[in-house]
Amino acid sequence: MLDETDKRLLAELQKNAHLTAQELGEVLNLSPSQAGRRRQRLEAEGFIRSYAARLNPRKVGLTVQAFVQVQMATHGPEQSRQFARLVELRPEVISGWTLTGEADYLLRVFCEDLAALNSLIHEVLLPHPAVARVQSQIVMDQFKQDAPLPC
């Protein structure tokens with residue numbers, strides 16, 4: 001169970017994962033050793049899955065962001081595993097969800113350009129034997145950046 005100090009610690013780490021135990025202690029009114037032990041416990045208990053750098057997509061040459069909805073023709077467990085394996089191997093697919101409703105999957109993708117998105121859709125996703133339909137929405141502007149989870 002998380003107490004208020006744990007929640008504040010998690011919120012601070014989501015803003016800046018580089019905070020030292022000293023800096024965390026100052027923000028939380030704890031000693032550095034207490035702050036460090038809390039961080040270690042939250043890591044060990046799986047509240048903190050990993051630490052990562054957020055890159056600027058445009059700076060690394062990814063100018064097209066899109067959401068791709070995939071509707072399956074068949075819904076057997078083996079077809080689902082094969083499709084999930086295909087998606088896992090594609091670096092341009094940065095996240096994916098299984099959905100209720102008309103679409104079975106929603107994929108968030110970043111591509112170099114429209115030609116690369118077209119290739120992903122027509123040469124990778126649509127040829128999969130279990131895929132019936134693919135619909136994409138190209139992001140024109142992301143007015144709210146990915147935010148930290150509420151704690």
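Is Arg108 buried or exposed? Select Arg108 and keep that question open while the ground rules are set out. This is a predicted model, in which local features need pLDDT of at least 70 and side-chain atom pairs count only at pLDDT 80 or more, while totals for chains, interfaces and linings use all residues. Residues are numbered from 1 along each chain as its sequence is written, and side-chain values use heavy atoms, with hydrogens and water left out.

**Stop 1: Arg108**

Arg108 is buried, because its relative accessible area is 11%. Buried means under 20% relative accessible area, exposed means over 50%, and partly exposed is in between (1.4 Å probe, protein chains only). Arg108 lies in strand β3. Helices (H or I, at least four residues) and strands (E, at least two) are DSSP runs, numbered from the N terminus.

The side chains of Arg108 and Gln65 make a polar contact of 2.8 Å. A polar contact is a pair of N or O atoms within 3.5 Å; within protein, one must be able to donate a hydrogen and the other to accept it, and residues adjacent in sequence count only if both atoms are side-chain atoms. Not counting residues up to four places away in sequence, Arg108 touches Gln65, Glu92, Trp97 and Asp146, among others. Contact here means heavy atoms within 4.5 Å.

**Stop 2: the aromatic pair**

Select Phe83 and Tyr105. A search of the whole structure finds one aromatic pair. Phe83 and Tyr105 form this pair, which is tilted, with 4.9 Å centre to centre and 35° between the planes. Rings of Phe, Tyr and Trp (its six-membered ring) pair if their centres lie within 6.5 Å; planes under 30 degrees apart count as stacked, over 60 as edge-to-face and the rest as tilted. The pair links distant parts of the chain: Phe83 is in helix α4 (residues 77-88) and Tyr105 in strand β3 (residues 105-111), 22 residues apart. Phe83 counts as buried because its relative accessibility is 1%. Tyr105, at 13%, also counts as buried.

**Stop 3**

Which residues does Leu107 contact? Leaving aside neighbours within four places in sequence, its contacts include Val68, Val70, Phe83, Val93 and Leu125.

**Stop 4: helix α3**

Select residues 32-44, which make up helix α3. At 1.5 Å a residue, its 13 residues should span 18 Å, and its end C-alpha atoms are 18 Å apart, which agrees. The expected span is 1.5 Å times one less than the number of residues.

Colour Ala35, Gly36, Arg38, Arg39 and Leu42, which are buried. Seen down the axis of α3, the buried residues fall within an arc of 160°, so they line one face of the helix. The arc is that of the directions from the helix axis to the C-beta atoms. On the other side, Gln40 and Ala44 are exposed. What covers the buried residues includes α1 and α2 (21-28).

Within α3, zoom in on Arg38. The side chains of Arg38 and Asp6 are joined by a polar contact of 2.6 Å. After α3 comes Gly46, whose phi is positive, near 85°.

**Stop 5**

Move to α2, where Leu24, Gly25 and Leu28 are buried. They cover an arc of only 100° around the axis, which puts them on the same side of α2. Their cover includes α1 and α3.

Next select Asn29, in the loop between α2 and α3. Most residues other than glycine have a negative phi. Phi of Asn29 is near 60°, a positive value in a residue other than glycine. Asn29 counts as exposed because its relative accessibility is 70%.

**Stop 5: Gln14**

Finish at Gln14, in helix α1 (residues 4-15). Gln14 is partly exposed, with a relative accessible area of 33%. Its side chain reaches the backbone nitrogen of Leu149 at 2.6 Å. Not counting residues up to four places away in sequence, Gln14 touches Pro148, Leu149 and Cys151.
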